[in-house]
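These are my notebook entries on one structure. Each entry records what I looked up and what I found.

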Amino acid sequence: MGARNEPPRLSEGGFAAWSRDRLGMARRGAAECGDVWQLEPGVYVAAAAEPCEAVLRRAKDFPKASSPLFPPLKRSSGEPTPEERGYAHAARMRGLRAQAVAARIGEIAPRTARFADRLPTGQDVEILPPVRHTLAEIGVHYLFGEDAPVLLPYASQLFLAREVLVRPSRWVWPRWVPTPARRFRTRQQAAFTDALRPVVRRRRSSGGLGDDMLGQMLRPSPHYGLLPEEAVLDTLPGITVATFETPSRAAGWILLHLALYPEAAARVAAEAALLPADPAATTSTHLGSLRYTQALVSEVLRLYPPSWLLTRRARRQTQLADYTIDAGSTVLVCPYTAHRDAREFAEPDEFRPERWLDDPGSPAKPGVFLSFGTGPHGCEGTALAMAMLTLLTAQTARCYHLSEPSGPEPGYQVTTLEGLAPVGLRLRATVRDRGRS
């Protein structure tokens, strides 16, 4: 492949630390080392769009590691079988597919409007905590319907357990070692499960399964029959946290861009002005009409994918670009650099929501988009996340002009551990004149 600069010699776990607050180094690595480059023996980086997409789609060659953040609890009855886990996934997807989300837009919209109503004005506010709280309310309600108020506090503790578990440590312990973080995780997972179990039993005994995602999981399948209780309980802690943890990071970047690009924010506000006065009357048709808002959300997710680095391990020897990847090697897939590949995106560093529109005169439709992954292991909650983020963006821009605190430095710090986030982001909301943009 010709001469290339030698990249830093780092362990797999050290790559994120090396790149923290220096994402430009990852981009320079891609520019100097090629589409795929070897970080150290047995560790490769897929940096360009084509190999990134190839790795994620080739699930047989590069399977996703089976290391759930919330593994099944140990019980005398044993863990769910692989068949039961597969059925649980299929049952979850019945409640998360695009058609299911579209049918419940009228439940999501009021909570995004409530976020805007509650946002303080005339003061600098750290934005991620209220965003996370709002998205947790939406996500938990989407999963558990009328039982959400009981389960929301436990979901918040699951999020805290996740944050403690992924906190950087100088030591890497085997999975079987009961570290304090893992014990805390297990206690919070058990508490969530104990709160959820009577909900499952009550619904099944009464026959009122509900129209939420839990209700979909409790319905018998013609092929598999009834999903065992433990399989239901074990599959839900992870998806509960996922409904609001990653979208919260994305929402931080989106609201920051509303502050940085007031003309784009005004265009979002003009679209949002056509939404129903009663948010509960919002339908999937209204959501579909927010074309520019969805384009803005997609563009921010392109520039700042919340999951900027994904890990895959080669199951067998295979070829990737000009490299022969041995079985057991690690491939780090970098959506951040893939999304800034000039072969896929014109002017890739520029914020241009119009690139996602098909209006006459707009740029060509962009190519690879990996913010929600792709292939067999793409994000289950893509439709739900896009609905939440689009409506939150529209309702916020409809009500407010956002701005950053004054000063030469950004009012936030970029972190890359476990995801790309603007930590400590502070914004100021000023009421928008509804008669003017």
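**Entry 1**

I looked up Ala-321, which is partly exposed because its relative accessible area is 45%; buried means under 20% relative accessible area, exposed means over 50%, and partly exposed lies in between, with a 1.4 Å probe and protein chains only. Ala-321 is in the loop between strand 5 and strand 6 (323-325). In this notebook, helices (H or I, at least four residues) and strands (E, at least two) are DSSP runs numbered from the N terminus. Although Ala-321 is not a glycine, its phi is positive, at about 55°. I note as background that most residues other than glycine have a negative phi.

I then turned to Glu-347, another residue other than glycine with a positive phi, near 45°. Glu-347 lies in the loop between helix 16 and helix 17. Its relative accessible area is 49%, so Glu-347 is partly exposed.

**Entry 1. Source of the values**

I record that this is a predicted model, in which local features need pLDDT of at least 70 and side-chain atom pairs count only at pLDDT 80 or more, while totals for chains, interfaces and linings use all residues. Residues are numbered from 1 along each chain as its sequence is written, and side-chain values use heavy atoms, with hydrogens and water left out.

**Entry 2. The chain as a whole**

I found 17 helices and 11 strands in the protein chain. The chain has 437 residues, of which 51% are buried. I also looked up contacts, where contact means heavy atoms within 4.5 Å. Among the contacts with a separation of 6 or more, 76% join residues 24 or more positions apart.

**Entry 3. Nonpolar cores**

A nonpolar core is a set of buried Ala, Val, Leu, Ile, Met, Phe, Trp, Tyr and Cys residues joined through side-chain atoms within 4.5 Å. Which residues have the most contacts inside the largest core? They are Ile-108, Leu-196 and Leu-236, in a core of 95 residues. Helix 17 (residues 382-399) gives this core its largest share, 11 residues. Leaving aside neighbours within four places in sequence, I found Leu-236 in contact with Phe-144, Phe-192, Leu-196, Met-213, Leu-214 and Met-217. A second, separate core has 24 residues, including Tyr-44, Leu-310, Val-368 and Leu-370.

I found Gln-189 in helix 9. Gln-189 counts as buried because its relative accessibility is 1%. Not counting residues up to four places away in sequence, Gln-189 touches Phe-70, Pro-71, Leu-73, Leu-158 and Pro-237.

Thr-235 is in helix 11 (residues 229-242). With a relative accessible area of 15%, Thr-235 is buried. Beyond its neighbours within four places in sequence, Thr-235 is in contact with Ala-88, Arg-92 and Met-217.

Leu-209 has its place in the loop between helix 9 (180-206) and helix 10 (213-218). Is Leu-209 buried or exposed? Leu-209 is buried, since its relative accessible area is 16%. Leaving aside neighbours within four places in sequence, Leu-209 is in contact with Arg-203, Arg-204, Gly-215, Leu-218 and Arg-219.

**Entry 4. Helix 3, strand 7 and the cysteines**

I listed the buried residues of helix 3 (residues 49-57) as Ala-49, Pro-51, Cys-52, Val-55 and Leu-56. They pack against strand 1 (36-40), strand 2 (43-46), strand 4 (310-313), strand 5 (318-320), strand 7 and helix 16 (335-338).

Strand 7 (residues 330-333) contains Thr-330, which is buried at a relative accessible area of 2%. The C-alpha atoms of Thr-330 and Tyr-44 are 6.2 Å apart, although 286 residues separate the two along the chain.

I searched the whole structure for disulfides (pairs of cysteine sulfur atoms within 2.5 Å) and found zero. Cys-334 is in no disulfide, and the nearest cysteine sulfur, that of Cys-52, is 6.6 Å away. Cys-334 counts as buried at 1% relative accessibility, whereas Cys-379 counts as partly exposed at 39%.

**Entry 5. Helix 13 against helix 15**

I found that helix 13 (residues 262-272) and helix 15 (residues 291-303) pack at an angle of about 140°, with their axes 8 Å apart. Helix 13 is therefore oblique to helix 15; angles under 35 degrees count as roughly parallel, over 145 as roughly antiparallel, 65 to 115 as roughly perpendicular and the rest as oblique. Axes are lines fitted to C-alpha atoms, for helices over the stretch in contact, and angles run from 0 to 180 degrees between N-to-C directions. Ala-264, Arg-267, Val-268 and Glu-271 in helix 13 meet Arg-291, Tyr-292, Thr-293 and Leu-296 in helix 15.
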